[in-house]
Amino acid sequence: MTPGDWHADLDALADGLARRHRDPFRTVPRERFFAAVAGLHDRIPRLTDAAVMVGFDALAAMIGDGHTLVETDGHYRQLPLEVFWYADELRVVRTLTADPRVCGARMLAIGGVAIDEVHRRLQLVIAQDENAWYVLARSADRLTRADVLAALDLPCGAPTVRFTLAGPDGTDFAVDIAALPPGTAPDWPEPAPDAPLRSRHPDEALAYSALPDTDAAYVNFRRYDGIETAGARVVARLRDEAPGRLILDLRDNGGGDYTLARDHLIYPLWAVPNINRPGGLYVLIGRRTFSAAMVTATDFRRETEAVLVGEPTGARPVGYQELGTFELPRSGLRAHCATRRYRFSDVDRPAVFPDQRVDPDWEVESSDRDPAVEWCLAQGQ
């Protein structure tokens, strides 16, 4: 890609967002948006390819909703870490680093820059008009993209990135972590058979687990692909085994076609009397419950006896969704923008809020327990 190529793609991106989005300048004035486009044009000759793409991310984020974005992730160096915000603390919850101190440590700084400042800079590339829980989820994800951090003037351009962490005894330590090449995802090991329910069967879109010594079953609903057959298997197993309660987990579901869940899961579960009754069905939601998964949560609340448990969702029930996709001419990058405004609630609230709030708790989760699942299992005992 030459600067001329990037200039052409930038014009195509700006034009596509302005023309295709349902309401592109609802949260950002048109003049401010195109001033940012002009500013990026001026900087392109001095930027790396990755920094230009981060600039594209920032322009898409200005529109404000979580469905307007550019598919740039495969072109960034990724750090082999998974991090999560517990209130105002950022913890490493998974890592491929050999240092045993890293997993579970509290993150204090990246490249010598305090984590609060890192989080502040990341807001530039995160859509701000979705909600606060979406911002937390995206912040944790962006923190593992070395090229995004480098483009935000953090010292992360070298092959390794220095993290300052606090161990369980409160002692600070530094560790250098090598970033993976662009297009390379961390090769996470298979979870142990006794891993927390949420971690098991990571490749299954709809994973069923019987819970010994309880009257409950657990289903992790991660994705919509294949739900036609997977949903039928789950419902058949519930009818055959007849558990007294079902815990359905939507916390890691980023969306898909919400109509499939209605036809192949919600309405079939509605007809299972031992599940669809007061105290029989719990649906777990959280900050990564996004797009169609948020809609499915509202459908469960409306159509069944489900109790929603966990955090607020990472998507607004009244907001901009549906991907309108177009390709940038020189790089071939795919850009998306929200083409419809949906109203899945009679009240315009920032999220779908649970009936029972159970926030993530590091002290509980560090012992391989799940506070939301534990709350559900404690009901009726």
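Colleague: Why are α1 and α2 called roughly antiparallel to each other?

Modeller: Start with the numbers: the axes of helix α1 (residues 3-20) and helix α2 (residues 30-43) cross at roughly 170° and come within 10 Å. Angles over 145 degrees count as roughly antiparallel, under 35 as roughly parallel, 65 to 115 as roughly perpendicular, and the rest as oblique. So α1 and α2 get the roughly antiparallel label. Keep in mind that this is a predicted model, where local features need pLDDT of at least 70 and side-chain atom pairs count only at pLDDT 80 or more, while totals for chains, interfaces and linings use all residues. Residues are numbered from 1 along each chain as its sequence is written, and side-chain values use heavy atoms, with hydrogens and water left out.

Colleague: How are the axes and angles defined?

Modeller: Axes are lines fitted to C-alpha atoms, for helices over the stretch in contact, and the angles run from 0 to 180 degrees between N-to-C directions. Helices (H or I, at least four residues) and strands (E, at least two) are DSSP runs, numbered from the N terminus.

Colleague: Which residues make the contact of α1 with α2?

Modeller: With contact meaning heavy atoms within 4.5 Å, α1 brings His7, Leu10, Asp11, Ala14, Leu17 and Ala18, and α2 brings Phe33, Phe34, Val37, Leu40 and His41. That splits into eight nonpolar, two polar and one charged. Nonpolar covers Ala, Val, Leu, Ile, Met, Phe, Trp, Tyr, Cys and Pro; charged is Asp, Glu, Lys and Arg; the others, Gly among them, are polar.

Colleague: And what makes α8 and α9 roughly parallel to each other?

Modeller: Helix α8 (residues 258-270) and helix α9 (residues 292-303) pack at about 30°, with axes 10 Å apart. That angle falls in the parallel class, therefore α8 and α9 are roughly parallel to each other. Among the residues in the contact are Tyr258, Leu265 and Trp270 of α8 and Val295, Phe300 and Glu303 of α9. By class the contact has ten nonpolar, one polar and four charged residues.

Colleague: How do you know whether threonine 144 is buried or exposed?

Modeller: Buried means under 20% relative accessible area, exposed over 50%, and partly exposed in between (1.4 Å probe, protein chains only). Threonine 144 has 4%, so it is buried. Threonine 144 is in the loop between α5 (132-142) and α6 (146-151). Leaving out residues up to four places away in sequence, threonine 144 touches Arg77, Gln78, Leu79, Leu81 and Val83.

Colleague: Why does arginine 120 count as exposed?

Modeller: Arginine 120 has 52% relative accessibility, so it counts as exposed. Arginine 120 is part of helix α4 (residues 115-122).

Colleague: What about alanine 87 and its phi?

Modeller: Phi of alanine 87 is positive, about 55°, although the residue is not a glycine. Alanine 87 is exposed, with a relative accessible area of 69%. Serine 291 also has a positive phi, near 55°, but at 10% relative accessibility serine 291 counts as buried.

Colleague: What makes β1 and β13 edge strands?

Modeller: Three strands form an open antiparallel sheet in the order β1-β14-β13. β1 (69-70) and β13 (318-327) each have a single partner strand, so one side of each is left without a neighbour in the sheet. Two strands pair if DSSP finds at least two bridges between them. β13 and strand β14 (residues 334-343) pair over nine bridges, and glycine 319 has tyrosine 342 in β14 as its bridge partner.
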